[in-house]
Amino acid sequence: DIQLEELGDSHEDVANTYHEMGISFYLQVKYKEAVEMFRQALDIYLEVHGNRHEDVANTYHEMGIALYCQVKYKEAVEMFRKFLDIYVEVDGEGHEKVLNARKLVAKGLELLGQHGE
């Protein structure tokens with residue numbers, strides 16, 4: 001609350017705090033709360049950085065994992081695809097992050113029964 005009062009609700013440090021809270025909730029197996037914190041962080045990151053920044057990609061990634069853990073595969077795949085697009089643009093096709101992102105998308109689609117989409 002103090003950070004919000006001092007910095008406002010559109011400051012990167014506030015987004016970082018929401019992101020860290022999301023990770024903390026995730027580690028406590030509180031996936032619904034984690035997703036909410038990641039969404040709040042994402043809203044600020046998008047405002048501060050635009051939609052092609054590593055913080056945005058990482059937040060999509062972690063939100064996707066939390067959704068995956070809730071068996072919300074369709075939403076998880078949507079998040080995985082978003083961070084994949086950013087990683088391809090920022091890091092290039094051959095980068096390890098891109099390869100891992102592709103694996104997550106494929107696994108999510110497999111669980112949805114949509115092989116090859």
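At what angle do α4 and α6 pack, and how far apart are their axes? In this predicted model, local features need pLDDT of at least 70 and side-chain atom pairs count only at pLDDT 80 or more, while totals for chains, interfaces and linings use all residues. Residues are numbered from 1 along each chain as its sequence is written, and side-chain values use heavy atoms, leaving out hydrogens and water.

The two helices (DSSP runs of H or I, at least four residues, numbered from the N terminus) meet at about 30°, with axes 12 Å apart. The axes are lines fitted to C-alpha atoms over the stretch in contact, and angles run from 0 to 180 degrees between N-to-C directions. That makes α4 roughly parallel to α6, a label for angles under 35 degrees. Contact here means heavy atoms within 4.5 Å; α4 brings Glu 54, His 61, Ile 65 and Tyr 68, and α6 brings Lys 97, Leu 104, Lys 107 and Leu 111.

Finally, look at two loops. Val 29 lies between α2 and α3, with a positive phi near 60°. Val 71, between α4 and α5, has a positive phi near 65°. Val 29 counts as exposed at 55% relative accessibility, as does Val 71 at 55%; exposed means over 50% and buried under 20%, with partly exposed in between (1.4 Å probe, protein chains only).

Definitions and conventions
Parallel < 35°, antiparallel > 145°, perpendicular 65-115°, else oblique.
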